[in-house]
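My plan is to look up a few residues and elements, one entry at a time.

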Amino acid sequence: MTATDPALTALAQGWCALSLLHDRIETHVERALQSGHGLSVREYSLLDVLSRQHDGEGGHLQMKQVADAVVLSHSATTRLVTRLEDRGLLARYLCPTDRRGIYTNVSGAGLELLEEARPTNGAALREALAAADLDPRLQPLVATVRAAGTPV
């Protein structure tokens, strides 16, 4: 393949379109969450992921699983958890069966803020996708995102 290979060019254009779509969505949702609830997209995502934990087999996530779910490094996730813990939105505690394990749960205040922010997040996501759907370069990607969110 050469630098002018049509397949390589198409691949690069696809990657640029995907990056553009991601940036547009994240920027729009970030503004909505920050102005309405004082939350960043990452903070919202972390609260959402942790709120879905449950007691029982596989119910609590290890920090690596949380980091993967919110698409951050382990150290960035730890810093994010600390920030939200300092705001009283999360609490950490030792695993009752393995004292080396530390769990992180959403506090009552965190759950309340999350429930207030869910409609804002959903509306902003729909708005960002609708705006992106007007751009012919992004339409196939928007369709893919919508299809991925459709229950089977």
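**Entry 1: terms.** I take a helix to be a DSSP run of H or I with at least four residues, and I number helices from the N terminus. I also note that this is a predicted model.

**Entry 2: isoleucine 25.** I looked up where isoleucine 25 sits and found it in helix H1, which covers residues 6-37. Is isoleucine 25 buried or exposed? Its relative accessibility is 15%, and buried means under 20%, so isoleucine 25 counts as buried. Next I listed its contacts, leaving out residues up to four places away in sequence. Isoleucine 25 touches Leu125, Ala128 and Leu129. I also checked its distance to leucine 84.

**Entry 3: the largest nonpolar core.** I counted 31 residues in the largest nonpolar core. Which of them touch the most other members? They are Leu33, Leu39, Leu46, Leu47 and Leu90. The elements giving two or more residues to this core are H1, H2 (41-51), H3 (63-70), H4 (74-86) and H5 (108-132). H5 gives the most, with 7 residues.

**Entry 4: leucine 47.** I took leucine 47 from that list and looked up its contacts. Not counting residues up to four places away in sequence, leucine 47 touches Leu39, Leu84, Leu89, Leu90, Val106, Gly110 and Leu114.

**Entry 5: helix H4.** I checked the span of H4. This helix has 13 residues and reaches 18 Å from its first C-alpha to its last, close to the 18 Å expected at 1.5 Å a residue. Which residues of H4 are buried? I found Ala76, Thr77, Leu80, Val81 and Leu84. Viewed down the axis of H4, the buried residues fall within an arc of 140°, so they line one face of the helix. I noted the general rule alongside: an α-helix has 3.6 residues a turn, so residues three or four places apart point the same way. Then I asked what covers the buried residues of H4. The cover includes H2, H3, strand S1 (90-94) and strand S2 (102-106).

Entry 6: After H4 comes glycine 88, and its phi is positive, near 80°. Most residues other than glycine have a negative phi. Where is valine 71 found? I located valine 71 in the loop between H3 and H4. Its relative accessible area is 61%, and exposed means over 50%, so valine 71 is exposed.

Definitions and conventions
Residues are numbered from 1 along each chain as its sequence is written. This is a predicted model: local features need pLDDT of at least 70, side-chain atom pairs count only at pLDDT 80 or more; totals for chains, interfaces and linings use all residues. Side-chain values use heavy atoms; hydrogens and water are left out. Buried means under 20% relative accessible area, exposed over 50%, partly exposed in between (1.4 Å probe, protein chains only). Contact means heavy atoms within 4.5 Å. A nonpolar core is a set of buried Ala, Val, Leu, Ile, Met, Phe, Trp, Tyr and Cys residues joined through side-chain atoms within 4.5 Å. The expected span of a helix is 1.5 Å times one less than its number of residues. The arc is that of the directions from the helix axis to the C-beta atoms.
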